[in-house]
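Dear colleague,

I am passing on the structure below, and after it you will find notes on what turned up in it. Please read them alongside the sequence.

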Amino acid sequence: MKKAIVAVPYLSGNGGTETVIKNFYDAITGDSQEQNLDWKLISFGGTRYSNWMKEWPKKVYKFSNKRIIQLICYVLIMPFLIRKILRKEQPAFFIATNPIIWTLAFKFKKRISPNTQIIAWYHYSFKMKKVKRKYLNCADKFWAISNGIRKELISMGIVDSKIYVVYNPVSFNNINLIPRSHSQNHFIYIGRIDYSGQKNVSELIEALNGLKGSWTCDLYGKVDEHTQEKLLKLANNNTRNNLRFRGFYKDVWSHIDRADALVLTSKFEGLPMVLIEATVRGVAVISSDCPTGTKDIVNKNNGWLYKMGNKKQLTQILSDLLSHKRNLPNSESVRRSARMFDYKNYRIRILESLRS
């Protein structure tokens with residue numbers, strides 16, 4: 001049986017990457033008839049919350065919770081460990097989420113494990129995170145999590161034949177549809193709450209300022225006191241009365257008993273899992289058309305895209321819902337639109353990329 005290793009740096013345990021890696025193992029091992037690979041997770045640095053890696057066969061190298069010691073260990077210890085792993089395991093595939101990890105593996109494999117394919121599995125925008133070109137030269141294949149990421153790689157000189165758009169997996173198991181209001185007026189936001197950074201929540205507030213009538217918007221996610229004060233200061237009186245900061249929940253969907261549409265105002269993404277998670281639950285989605293990710297998810301069957309930065313257009317979409325000039329797509333239609341991301345279809349894409 002061939003070996004396949006997934007290598008990751010320190011991860012807190014609460015992020016989107018951890019959810020994807022957890023779902024990855026569930027998806028890829030879901031069909032016993034396709035099991036010709038022995039999967040193993042390697043963690044360089046450990047994690048604070050380990051539930052996401054619970055099911056994985058794994059080896060965890062825990063360095064330290066202190067950032068400076070972690071960095072020293074990455075420089076002095078991690079190269080030795082990668083070389084040791086390649087020599088001992090001789091994996092058919094070495095898949096890494098971090099540019100430095102896949103670059104080191106690529107350089108070491110030439111002498112000690114020449115048949116290993118190095119796969120770069122990056123979960124962010126290559127351009128927004130400014131990944132250096134020298135790292136892109138050190139991978140045999142790339143797993144792109146969206147078509148936007150694929151276009152970024154091509155524009156950075158990677159040949160299309162090395163890129164496989166695999167997206168991210170999402171579970172449909174035991175997931176129920178979330179009830180809607182009777183008035184198309186209950187909006188939600190889920191994610192990190194910043195002002196004008198990546199998530200750009202100030203754009204949501206300014207769009208809500210243009211609404212009239214009865215509506216509510218619940219914001220779920222971590223927010224510091226200063227940012228919350230700035231957002232509330234930006235909001236007009238009507239928005240402040242209808243806006244509710246709900247806080248952070250690890251299993252946020254279990255705390256949402258009603259929602260008509262989820263709104264995302266990001267400036268950039270890789271593949272925003274929150275949009276997929278919403279559609280699986282029949283919640284319509286409204287999102288900025290940021291360069292990567294959102295166009296792969298949002299379509300006429302589940303919601304609307306607006307031009308990034310165009311607050312008036314976002315206000316118009318929300319206003320049309322309130323006035324019923326637009327109708328929300330059927331909940332079941334929204335749910336069906338996410339089927340391309342389910343475990344079965346995801347597993348097919350991954351296995352095809354490995355066989356090619």
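**Notes on the structure**

Arg 339 lies over the face of Phe 172, at 3.9 Å from the ring centre, where a charge sits over a ring if NZ of Lys or CZ of Arg is within 6 Å of the ring centre and within 35 degrees of the ring normal. Arg 83 likewise lies over the face of Phe 108, at 4.4 Å from the ring centre.

This is a predicted model, in which local features need pLDDT of at least 70 and side-chain atom pairs count only at pLDDT 80 or more, while totals for chains, interfaces and linings use all residues. Residues are numbered from 1 along each chain as its sequence is written, and side-chain values use heavy atoms, leaving out hydrogens and water.

The structure holds 15 aromatic pairs, counted when rings of Phe, Tyr and Trp (its six-membered ring) have centres within 6.5 Å, with planes under 30 degrees apart called stacked, over 60 edge-to-face and the rest tilted. The rings of Phe 24 and Trp 143 are a tilted pair, because their centres are 5.9 Å apart and their planes at 35°. Phe 24 lies in helix α1 and Trp 143 in strand β6, so the pair ties together parts that are 119 residues apart in sequence; helices (H or I, at least four residues) and strands (E, at least two) are DSSP runs, numbered from the N terminus. Phe 24, at 0% relative accessibility, counts as buried, which means under 20% relative accessible area, with exposed over 50% and partly exposed in between (1.4 Å probe, protein chains only). Trp 143 is also buried, at 1% relative accessibility.

Best regards
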